[in-house]
Amino acid sequence: MKGVLQIKGASGREKKAPKELESVLNQYFGYSGFRGKQLEAIEAVLSGRDCFCLMPTGGGKSMCYQVPALVKTGIVLVISPLIALMENQVASLKNKGIPAEFLSSTQASHTKQRIHEDLDTGNPSLKLLYVTPELVATSGFMAKLKKLYNRGLLGLVAIDEAHCISTWGHDFRPSYRKLSSLRKQFPDIPLLALTATAVPKVQKDVISSLCLQNPVILRASFNRPNIFYEVRYKDLLDDVYSDISNLLKSSGNACSIIYCLERAACDDLSMHLSQQGVSSAAYHAGLNSKVRSSVLDDWLSSRTQVVVATVAFGMGIDRQDVRIVCHFNLPKSMESFYQESGRAGRDQRPSRSVLYYGLDDRRRMEFILRNPKINKAQPSSSSNELSEKALADFSQVQPTLCQRSCDACKHPNLVSSRLEELRRVPNCRFNKISPVFQSSVKPAHLDTEFWNREDEASISAEDISDSDDGNEVVSNIAISKVPAKAGLDAKFKALERAENAYYQGKGQTKQQGGGLADKKSISQTLRDACRKRLLDALGQAKLRLGNIPCDDEASATHLETECFKKYEKVGKTFYNSQIAATVRWLSSATSSQMHDRLHAVIDQTKDDGASGSPDIVPESPPASPKIVGTKPGETSNYEADVKPQHICKLGKRGHSDVSTEGAAASTGNMELPSIPTGNMVLPAIPTFREFLSQKGRDRAKSYSNSQPSGIRRKSSGQVDKEETSKRMKS
Ligand SMILES: Nc1ncnc2c1ncn2[C@@H]1O[C@H](COP(=O)(O)OP(=O)(O)OP(=O)(O)O)[C@@H](O)[C@H]1O
Ligand SMILES: [Mg+2]
């Protein structure tokens, strides 16, 4: 050891000047300064206070107890849920010359003995001891801790991944419950609870379950600005395996993790990737520990580029330069998604999260979450409640605007058109549900590992343009840049380029310059027309939903003003798109969503019976992400099933925006067939592609597109009804 600072004095309060702490950080870890809430957490525990520290994945929570271990008298006991996590941290600390060990069933008995002997001495050399919650629960080990405590040698107890104590958390571990006695057992030793969970309910639960006393509560920002979030739609891809292998190849050997729901899918995908020349290996609990260990070693040392794994891989894996995290299947909750995707870019460098969204996957996940027998970790007594909770968590995998740190915000129209395609493509498939969701399917077939770490424990239309005139450019895309026969992909690519150019070039400059070319401005005539359009859609919605106590005119004005305020500086292209998105939203919103979005108008109607005015649109949206989606137990009709979802990170503004739903937007006033929803016939909204077609027809009369949508798709070579039905049969 490089000479741990020798502290004289009792183990309770040992305050250190920030400068001193920084020098320890620098000396042992080579970092120049503290991140996030590290310093506050360290100071809290050094002053003898309990502390609840919430920092994002990769935020540096470990440092909150590692630095105190170097400046505090006695041992820091770290309770950690995974052996692999402990192994990693201990190895890394030892490399830095810091005396650390872990105790677990996997340790050789002579190693355990040596550790115990050291603990028994009057002056243990150990500074950090990592243990599992299971071990802490044993009377033998508790007796040992008591001895240490009585001798003034227990300096701090850190509970890592503390959300595991909460049944509301995404990683509940029953053994964590036993940690509730720590506060009583060691009354004057600071307890430090660390987690990256973003759910307030879980946070409260952690604090109360651990009986933290008057804790210092620290919450760092959860934004991960270096991660770009993107969703790809399986149902729109010809070959998802090729797509994923191209993604990985184009990243140039970047270190990556792909998460799959099932073990077999890991093996299968890994094999495909290897065949395509991508260095990959599968990792899941079905492999023996030797194999898993060697897969992990190879990946950590860059001999393998990609690990294709179930969730058994990851918690605590500290590889800083993971550039891509893919979800081959939907994660089970927003929290899980945040945690798993958060394994990318721990070095703060630009990284990607790519989620492959499949409609079958969604149904599959809902099935699993509803089925307590598969959901192994659920205590039987509360399985229904937890199933509902799990489904509610899953439904949170929903839109939230993040201001261009995700595909929906950076390429709204691209996402819009894809979502639109998705909504229309697999119509027939929705009616013939994938066999796995039929009641005859036996849960046992699902070899999933998404829930817990048992194995480890036992062990958007006018559109964005690159010219001043959105219409012109969109037409150009439709006519010249992308030939009529070009594949959908080529169109998407062209759109992507146009969107990029918009943001990189004039679009932004203009925005910053504070002026819009006249042709981009939103005229009063346009606004009136849009308001009328919204009014019609609102009328339809009220017919469908019944009693919504809002004044139609006021509500339409309210919604139109929302769209206008949002895009007045950007121009009519975005504005139109947003209006179309809102029309779409009206065609599928539930009563509660309507109440949510129109609450200002509804309240006003209730209060004074008067119509609302545009000015009642709140400038600041609600502080917490709003869930916009199918609630558990809600209808699973066509609209609900294909309800577009995409994942955004928690926004920089810390709020969601209902209009993100508008990522499914399209525009134009073309005649299109209506979309049946239940007993209702809803107003049809043209797809973006249809919009392109319309524009092309108007401009050059060369982009004939008057056939029904199914035939057009076939000509585009992307989606073929016959093909779809063939796929269904096979
Ligand atoms: N102050 C700092 N400056 C630079 N890098 C840091 C700093 N503190 C920690 N790190 C590094 O950041 C990486 C992530 O740290 P750590 O594993 O503690 O994150 P975490 O918050 O525990 O994440 P997770 O929730 O995934 O466990 C580590 O490699 C760590 O060395
Ligand atoms: Mg950690």
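A polar contact is a pair of N or O atoms within 3.5 Å; within protein, one atom must be able to donate a hydrogen and the other to accept it, and residues adjacent in sequence count only if both atoms are side-chain atoms. In this predicted model, local features need pLDDT of at least 70 and side-chain atom pairs count only at pLDDT 80 or more, whereas totals for chains, interfaces and linings use all residues. Residues are numbered from 1 along each chain as its sequence is written, chains are lettered from A and ligands numbered from 1 in the order in which they are written, and side-chain values use heavy atoms, with hydrogens and water left out.

Ligand 1 is contacted by a polar side-chain atom of glutamine 320, which lies 2.5 Å from an oxygen atom of the ligand. For glutamine 38, a polar side-chain atom is placed 2.8 Å from a nitrogen atom of ligand 1, and for arginine 35 the corresponding distance, to an oxygen atom, is 3.1 Å. The protein covers 89% of the 640 Å² of accessible area that ligand 1 has on its own (Shrake-Rupley method, 1.4 Å probe). Around the ligand stand 17 residues, of which Tyr31, Lys61, Ser62, Gln320 and Arg346 come nearest (near: a heavy atom within 4 Å). This shell comprises four nonpolar, eight polar and five charged residues (nonpolar: Ala, Val, Leu, Ile, Met, Phe, Trp, Tyr, Cys and Pro; charged: Asp, Glu, Lys and Arg; polar: the others, Gly among them).

Helices (H or I, at least four residues) and strands (E, at least two) are DSSP runs, numbered from the N terminus, and two strands pair if DSSP finds at least two bridges between them. Seven strands form an open sheet with parallel pairing, in the order S3-S4-S2-S5-S6-S1-S7. Strands S3 (100–103) and S7 (216–219) stand at the edges with a single partner strand each, so one side of each lacks a neighbour in the sheet. Strand S1 (residues 51–54) is joined to S7 by four bridges in the parallel sense; leucine 54 has arginine 219 in S7 as its bridge partner. Helix H7 (residues 139–150) lies across S2, S3, S4 and S5 and runs at about 150° to S2 (axes fitted to C-alpha atoms, for helices over the stretch in contact; angles from 0 to 180 degrees between N-to-C directions).

A further open sheet, also with parallel pairing, contains six strands in the order S8-S13-S12-S9-S11-S10. Its edges are strands S8 (227–233) and S10 (280–283), each with a single partner strand, so one side of each is left without a neighbour in the sheet. Seven bridges link S8 to strand S13 (residues 351–357) in the parallel sense, and isoleucine 227 has serine 351 in S13 as its bridge partner. Helix H11 (residues 240–250) packs on this sheet, its direction making about 180° with that of S13 (contact: heavy atoms within 4.5 Å).
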